[in-house]
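Subject: Structure handover

Hello,

Here is the structure for you to look through. My notes on what turned up follow below.

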Amino acid sequence: MRSHLDPSELGTKAYWDEAYKREITNHAEDAADQGTIWFDDSGAEEKVIDRLESLEEQGLLRKEGDDSTPASRILDLGTGNGHMIFSLREEGWMGELVGVDYSEASVQLAKQIAKQIHEDAVDDLPLRFEPWDILGEQPGSWLDSGFDAVLDKGTFDAISLSSETDAQGRRICENYRDKITPLIRSGALFIITSCNWTKEELLNWFIVPDGELQYFDEAMYPTFTFGGQKGQSVCTLIFRKR
């Protein structure tokens, strides 16, 4: 089982800043061009939304709220162009949806697209985008009392490709679990999608003795067989906070 991934430029902020600046220009020239959707070829976004629907059926989430019980608050970590946020709204998730990204260019792109799709929703609840470096900054007021579901679609992958180390000389991805846990309400959910880590490796990263996260479920993708072993090119796991 691998302990770390080899560093790559995909793990650098400079790479993503440049990528999103380019996509801002492309979207300004062609409103139909909203940029890259991570894992689009595997249908991961649809898988995650399907799982959210199933979790609502189990009574763990609420698409719509009322005076006594509000709709679920959902956080999209590493929101990129905000596509997940927009898809959730289109599917009827009416609670506060927050997208954060350490690239300010990403946030600018998401807001630019939001103005095109939801003219009255930018910079106001319940739909918002905020610049935030999960490993280097404290959460803003948008954290409030935490979230009912925290989504990661490739963010841990990118962080795992960074060569940066912390003050103790550890790769910065080793701090990720401790940073996400406070974002999740007690009894609430963390849903992570990865193309770089297997199910067993993700369990090793997020399940620790006396830890707050527990394995809950997973989304299934088409499998392939290689060398007598079955596997999936993409993995989506659901964890629940104690």
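**The largest pocket**

Helix 1 (13–29), strand 1, helix 3 (83–90), strand 2 and helix 5 each give at least two residues to the lining of the largest pocket. Helices (H or I, at least four residues) and strands (E, at least two) are DSSP runs, numbered from the N terminus. This is a predicted model, in which local features need pLDDT of at least 70 and side-chain atom pairs count only at pLDDT 80 or more, while totals for chains, interfaces and linings use all residues. Residues are numbered from 1 along each chain as its sequence is written, and side-chain values use heavy atoms, with hydrogens and water left out.

The pocket has a volume of about 640 Å³. A pocket here is an open set of points on a 1 Å grid over the protein atoms alone, where a 1.4 Å probe fits, with protein on both sides within 12 Å along at least five of seven lines. Grid points are joined across faces, edges and corners, and the volume is the space filled by probe spheres set on the points.

The lining holds 36 residues (each with an atom within 4 Å of a point). Nearest the centre lie Gly78, Asp101, Tyr102, Thr155 and Ala158. By type, the lining has 15 nonpolar, 12 polar and nine charged residues. Ala, Val, Leu, Ile, Met, Phe, Trp, Tyr, Cys and Pro count as nonpolar; Asp, Glu, Lys and Arg as charged; the others, Gly among them, as polar.

**The cores**

The largest nonpolar core has 31 residues. Such a core is a set of buried Ala, Val, Leu, Ile, Met, Phe, Trp, Tyr and Cys residues joined through side-chain atoms within 4.5 Å. Buried means under 20% relative accessible area, exposed over 50%, and partly exposed in between (1.4 Å probe, protein chains only). Leu75, Leu77, Phe156, Tyr176, Phe190 and Phe206 touch the most other members. Elements giving two or more residues include strand 1 (74–77), helix 5 (155–160) and strand 5 (184–194). Strand 5 gives the largest share, four residues.

Phe206 has contacts (heavy atoms within 4.5 Å) with residues including Phe156, Tyr176, Phe190 and Phe239, leaving out residues up to four places away in sequence. A second, separate core has 30 residues, among them Val48, Ile74, Ala105 and Ala149.

**Strand 6**

Glu218 lies in strand 6. Glu218 counts as buried because its relative accessible area is 17%. Its side chain makes polar contacts with the side chains of Lys199 (2.7 Å) and Tyr215 (3.4 Å). A polar contact is a pair of N or O atoms within 3.5 Å; within protein, one must be able to donate a hydrogen and the other to accept it, and residues adjacent in sequence count only if both atoms are side-chain atoms.

Ala219 is also in strand 6. Ala219 is buried, at 2%. The C-alpha atoms of Ala219 and Val48 are 7.4 Å apart, though 171 residues separate them along the chain.

**Two loop residues**

Most residues other than glycine have a negative phi. Asp144 has a positive phi, near 50 degrees. Asp144 sits in the loop between strand 3 (127–131) and strand 4. Asp210 also has a positive phi, of about 65 degrees. Asp210 sits in the loop between helix 7 and strand 6 (213–219). Asp210 counts as exposed because its relative accessible area is 81%.

Best wishes
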